[in-house]
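Please look at the sequence and the structure before reading on.

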Amino acid sequence: MNIVVVGLQWGDEGKGKVIDYLAKDADIIVRFQGGNNAGHTVVLDGKKFVFHIVPSGVLRENKICVIGNGVVVDPRVLIEEIRYLRDNGIKVSPQNLKLSLLSHVIMPYHRVMDSFRESKRLHKIGTTNRGIGPCYVDKFSRCGIRVVDLFNREKFAFKLKDNLREKNPLFKEVYGRSYFSFSKIFREYLDYAKFLKPYCCDVVDFLYSKRHSRFLFEGAQGTFLDIDFGTYPFVTSSNTISPNAFLGGGASFIRVDKIIGVAKAYTTRVGEGPFPTEFNDSLGDYFRQTGKEFGATTNRPRRCGWLDLVILKRAVILNNVSEIALTKIDILDGLKEIKVCVDYKFPKGNKYAFVDLEGIKPLYQRIRGWLTDTSMVRDYSQLPELAKDYISFIEKELGRKISLISVGERREAIVRKE
Ligand code: IMO
Ligand code: MG
């Protein structure tokens, strides 16, 4: 069975936990887009692991984790992550972690560019400041540096010089910042290359040779952060939806059997941009505290709101979702009444809801809360009837089965529904 896992909202849906669960029955786990803007959390034996680049399947033994060509890699962060995992007793070696030679490398000027642009913009995006956007920009303007380039001293020197020739005067002129030093970056990145070399391979060849294995593709971010289909310009710089698994994984020859969309039982968003069901009262704080809604990457408080079935319907179509994993339903345990957005009221003249979510008014259906602790539930039959009603209401509206329900952050806090 080959599965693609994607986020159906604005990221932070609990993809890490779902991947960790599904990785049990997979051989190869592939990240296909984004970079260390992602923060995928898995809680194992009370210990919290946050993955930024390494696929979340790495905690399972005898799996191979792959970072595909569609990912932008900050080598400093990747090396830190590898070391951190090893220090915590997790096996990470060139045998179980592969990095595509075709992935683009995040350079120091990308990180600086990211924060400078943000600070100067009239319309802030609220990026993670990890250099993700600027790195993808260079990839598409064909001056990017790829992992493979780091292994050829002359080529790397040439490309880096070429970049600095353009970037240094630009930074100086526009941002008033002093020049980046060629030799400092050159030396630093050659060191990274030395460390990473054993992990690098032609991922297309590698995956093709393993094409009969069981694949799991790990999406990062979420559908409405997709560069084409999200709430542009408040999006990330890659395609986050399921079709990109092939492209960014370099694995078009894999037949996908299932696309699992991960949705939180309510909605959150970090950074700027429209969010129709956002709370504007104390419920926001309630969810932030109860659901620990603070960014796993930047620690920013997440904006919170009710579940929005209108965007989820769109996400089901965009990703061709076959099943849904619903996470964090335990966070709703203490609520007498839960609201779910079932439709939008459009402002005059807005015919294209998903071209511009601005100014939209959500129309809610009220649902009775179950007021029972679900966090210890491990079998679907043990869920309170009202929680089951909530789940079947969502299934009916979306026309898709909810096959996994997460009731807590720990690995074992998950319920399978047949
Ligand atoms: P995971 O994989 C939530 C958001 C940022 C910002 C916008 C652009 O953990 O779900 P970027 O740095 O990508 O240029 O920022 O996208 N963002 C995320 N929000 N979860 C993520 O990843 C995100 N990755 C980026 O907050 O609004
Ligand atoms: Mg996250």
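## Domains

Domain bounds, as used here, come from an automatic or database domain assignment. The model itself is predicted. For this protein the assignment gives domain 1 (3–101 + 199–258), domain 2 (104–196) and domain 3 (263–416).

How far apart do the C-alpha centres of domain 1 and domain 2 lie? The distance between these centres is 23 Å. In the contact, domain 1 takes part with 29 residues and domain 2 with 22 residues.

## Nonpolar cores

The largest nonpolar core consists of 64 residues. Within this core, L207, F217, F287, L332 and Y390 have the most contacts. Why does the core lie between domain 1 and domain 3? Domain 1 (3–101 + 199–258) and domain 3 (263–416) both give residues to the core, so its place is between the two.

Not counting residues up to four places away in sequence, Y390 touches A265, L307, L332, I338, V340, I367 and W370. Another core, of 60 residues, lies apart from the largest one; I3, V18, L216 and L404 are among its members.

V204, Y208 and F253 make a nonpolar surface patch of about 250 Å². F253 sits in the loop between α8 (244–249) and β11 (258–264).

Leaving out residues up to four places away in sequence, E13 touches G7, L8, Q221, G222, V262, A263, K264 and T327. V147 is 134 residues from E13 along the chain, and the C-alpha atoms of the two are separated by 30 Å.

N163, by contrast, has its place in a helix, α5 (residues 153–175). With a relative accessible area of 3%, N163 is buried. Which residues is N163 in contact with, leaving aside its neighbours within four places in sequence? These are Y109, D138, C143 and I145.

Methods:
Residues numbered from 1 in each chain as written. Chains lettered and ligands numbered in written order. Predicted model: local features only at pLDDT ≥ 70, side-chain atom pairs only at ≥ 80, totals over all residues. Heavy atoms only, no water. Core = buried A, V, L, I, M, F, W, Y, C linked by side-chain atoms within 4.5 Å. Buried < 20%, exposed > 50% of the residue type's maximum accessible area, 1.4 Å probe, protein only. Contact = heavy atoms within 4.5 Å. Patch = residues over 30% accessible without salt bridge, like charges linked within 9 Å, V, L, I, M, F, W, Y side chains within 5 Å. Areas by Shrake-Rupley, 256 points an atom, 1.4 Å probe, with all protein chains shown as cover. Salt bridge = Lys/Arg side-chain N within 4 Å of Asp/Glu carboxyl O. Helix = DSSP H or I, 4+ residues; strand = E, 2+ residues; numbered from the N terminus.
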